[in-house]
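Biologist: Hi, I've got this one open on my screen. Can you walk me through it?

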Amino acid sequence: MKKKLHIKRFTLLAAVLLALAISFTGCGKDNSNSESKGSHGPKASLKNFETTTLDGEKFTQDNLKDYDLTVVNVWSTTCGYCIDEMPALEKLKNQLPSNVQFVSICLDGEASPDTAKEILSKQGLTAKTLVPSDSLNEGLLQYVSGTPTTVFFDKNGKQIGDPKVGAFSTHDTDAITELYMNEVNSRLKKLS
């Protein structure tokens with residue numbers, strides 16, 4: 001009898017700990033403005049990396065040098081919030097000034113390239129989509145605590161401002177596009 005009670009307590013404790021762990025990682029929504037939060041520790045860097053796109057093209061820090069700002073959206077095929085915001089990201093990509101580029105990174109793109117391509121096609125996101133590599137993990141992805149995460153880099157691969165972690169609290173495509181554009185403009189001001 002006592003052993004059953006201990007097993008029940010252990011199971012309950014394990015379930016609570018698992019629920020807490022899940023709530024602090026992975027796909028999520030963030031209702032706050034990333035710029036108002038202050039610094040969150042070490043900064044990511046895209047100064048020395050090499051990877052490929054879902055289509056097999058090489059992509060390195062050299063792809064950043066022609067743009068004052070590169071917007072990098074990190075997502076996964078299992079993140080509903082990531083997928084839901086893709087139409088707004090396509091709209092954002094099309095509204096960006098010529099000195100800003102948009103790329104995405106699919107965390108599970110190498111393991112599930114067909115799924116990633118299907119999602120991108122269905123959602124209409126035409127941005128270059130990168131897959132993780134050792135150097136991309138070392139410079140950026142190790143700092144990503146959940147998806148979606150959007151990080152902003154200058155032409156030298158230096159992170160500008162804090163990342164935007166989580167989805168915006170609206171499902172309105174135009175509103176999401178505008179909120180992301182505000183994030184972009186905030187980073188461009190930091191560069192001037």
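Modeller: Strands count as paired if DSSP finds at least two bridges between them, and the elements are DSSP runs numbered from the N terminus, with helices (H or I) of at least four residues and strands (E) of at least two. Keep in mind that this is a predicted model, where local features need pLDDT of at least 70 and side-chain atom pairs count only at pLDDT 80 or more, while totals for chains, interfaces and linings use all residues. Residues are numbered from 1 along each chain as its sequence is written, and side-chain values use heavy atoms, with hydrogens and water left out.

Biologist: OK. Which residue stands opposite Leu130 in β5?

Modeller: That's Ile105.

Biologist: And what unit do β4, helix α4 and β5 make?

Modeller: They form a right-handed β-α-β unit, with α4 covering residues 113-123. Right-handed means that, with the strands pointing away from the viewer, the path from the first strand over the helix to the second runs clockwise.

Biologist: How do β1 and β5 run, parallel or antiparallel?

Modeller: Antiparallel, with two bridges joining them. Thr52 has Val131 in β5 as its bridge partner.

Biologist: Switching to charges: how many salt bridges does a search of the whole structure find?

Modeller: Eight. A salt bridge here is a side-chain nitrogen of Lys or Arg within 4 Å of a carboxyl oxygen of Asp or Glu. One of them pairs Lys128 with Glu57, with the closest N and O atoms 2.8 Å apart.

Biologist: What does that pair tie together?

Modeller: Parts that are 71 residues apart in sequence, because Lys128 lies in strand β5 (residues 128-131) and Glu57 in the loop between β1 (50-53) and β2 (58-60). Lys128 is partly exposed at 36% relative accessibility, and Glu57 is partly exposed at 38%. Partly exposed lies between buried (under 20% relative accessible area) and exposed (over 50%), using a 1.4 Å probe and protein chains only.

Biologist: Which residue does Lys91 form a salt bridge with?

Modeller: Asp174, and their closest N and O atoms are 2.0 Å apart. That pair links distant parts of the chain, 83 residues apart, with Lys91 in helix α3 and Asp174 in helix α6 (residues 173-191).

Biologist: What about Glu90, buried or exposed?

Modeller: Buried, at 12% relative accessibility. Glu90 meets Lys93 in a salt bridge at 3.8 Å, N to O. The two sit three residues apart in helix α3 (residues 86-95), so about one helical turn separates them.
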